[in-house]
Amino acid sequence: MFEGTISRRRFVIGGASVLAASALALMAGCSAGGTATGAAGTAGAATADAAQGATASEKITMVWLPDNSSADLTASREAIGNAITAACGRETELMTTTDYNVAIEAIASGSAQMALLGAEGYVQANKKNPKVLAAFTNSDEDGKLDGACYYSRICVAVENADQYKEGNGYSIENIKGKSFSFVSATSTSGFKVPSSAIVSEFGLDSSDQLLEAGSFFSEVLFGNSHAGSAVNLLSGDADAAAFDDVDVDMYLDLVSGEANTIGAVYKAKDDAEAPFDTVRGKKFTIIAITPVLNAPVCFNEDAIDEETRSKIVEYFCSDEVADNKAIFIDPEDESAQGIFEKESEKSCFVEVTDDWYEPIRKLGA
């Protein structure tokens, strides 16, 4: 197994109406109630023969979004790569990226056979190539899909938080005209979810108005990762910013309030590693928060055969992987760094299908 880096410079079931109604207030949980290139239209045809001719000796390439491509997550990526090899006996290459679109194109074109994508990134990849399909994701604390979510947050610097006060809580009303940082236009929790809430709150025609400086925001920045968007806020480059919890909280300390609630205050740790090393001690306040469907591990089914896919899914949804501390890290271990946390004894990977992500598609309808 080896890593390669690509560079170019990660919801509540019910759809968009539920998001718009609930984005400005805390929801307690989720309920089910190389270079990657190639034309999207020919991705399926270009990779079908490769899958049919695959042998056990051919490597499997798994591509990662920028947030999961950082050096401090190397051990976590390698543990997942080792698990892929253990499942099917094939060598694994781990393709890191610095651009969301590169990761999406890699899986859509078939230059990568596997990917861990955010929900919106998955929807975009599936739109480019319908053979890109979700396979499994990390469960909730009960080992199920019902509450399998993380959180999209809109935050402001703590010293400016009073500007967004409304009664005993906070409002996004005053973000209009401010400078704002998103993660990427293809990020679920760093663009799609917060932009949908803003569009609904202000009655905008579309989220396109949020992308152009001077249209709604005075300036629009992109962090290219959740950490990058948070640093844009804490460094003072942006007045407000969108980013999630799972990709940044390893760098933060909760100062006051309850975790992942409106009004909670976080601080960049005094010994925070890059990119937070430049904003150590800086604080922000959450002014809006929404739960988001967990990110899927997906396959390009034209680029990897069904037998191999089945072996990988079966192994990753097994107790052996669920109990692997290198894949599901102990959240109480401050020295452990990983992509997935063992939130309870039942935390594991569970199979998921394309239709579970339909609410994300409806946001763009």
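**Exercise 1.** Is phenylalanine 217 buried or exposed?

*Solution.* The model is a predicted one. The relative accessible area of phenylalanine 217 is 0%. Buried means under 20%, so phenylalanine 217 is buried. Phenylalanine 180 likewise has 0% relative accessibility and counts as buried.

**Exercise 2.** Classify the ring pair formed by phenylalanine 180 and phenylalanine 217, and locate both residues in the chain.

*Solution.* A pair of aromatic rings is described by the distance of the centres and the angle of the planes. The model has 19 aromatic pairs. For phenylalanine 180 and phenylalanine 217, the ring centres are 4.6 Å apart and the planes lie at 20°. Planes under 30 degrees apart count as stacked, so this pair is stacked. Phenylalanine 180 belongs to strand 9 (residues 179-182), whereas phenylalanine 217 lies in the loop between helix 6 (188-202) and strand 10 (219-222). The two residues are 37 residues apart, and their pair links distant parts of the chain. Both also belong to a cluster linked by ring pairs, together with Phe182, Phe191, Phe202, Phe216 and Phe222.

**Exercise 3.** Describe how helix 4 and helix 5 are packed.

*Solution.* The axes of helix 4 (residues 100-109) and helix 5 (residues 119-128) come within 9 Å and cross at roughly 40°. The two helices are therefore oblique to each other. Their crossing is right-handed. Helix 4 contributes Ile104, Glu105, Ile107 and Ala108 to the contact; helix 5 contributes Gly121, Gln124, Ala125 and Lys128.

How values were computed:
Residues are numbered from 1 along each chain as its sequence is written. This is a predicted model: local features need pLDDT of at least 70, side-chain atom pairs count only at pLDDT 80 or more; totals for chains, interfaces and linings use all residues. Side-chain values use heavy atoms; hydrogens and water are left out. Rings of Phe, Tyr and Trp (its six-membered ring) pair if their centres lie within 6.5 Å; planes under 30 degrees apart count as stacked, over 60 as edge-to-face and the rest as tilted. Helices (H or I, at least four residues) and strands (E, at least two) are DSSP runs, numbered from the N terminus. Buried means under 20% relative accessible area, exposed over 50%, partly exposed in between (1.4 Å probe, protein chains only). Axes are lines fitted to C-alpha atoms, for helices over the stretch in contact, and angles run from 0 to 180 degrees between N-to-C directions. Angles under 35 degrees count as roughly parallel, over 145 as roughly antiparallel, 65 to 115 as roughly perpendicular and the rest as oblique. A crossing is left-handed if the near helix is turned anticlockwise from the far one by less than a right angle, and right-handed if clockwise. Contact means heavy atoms within 4.5 Å.
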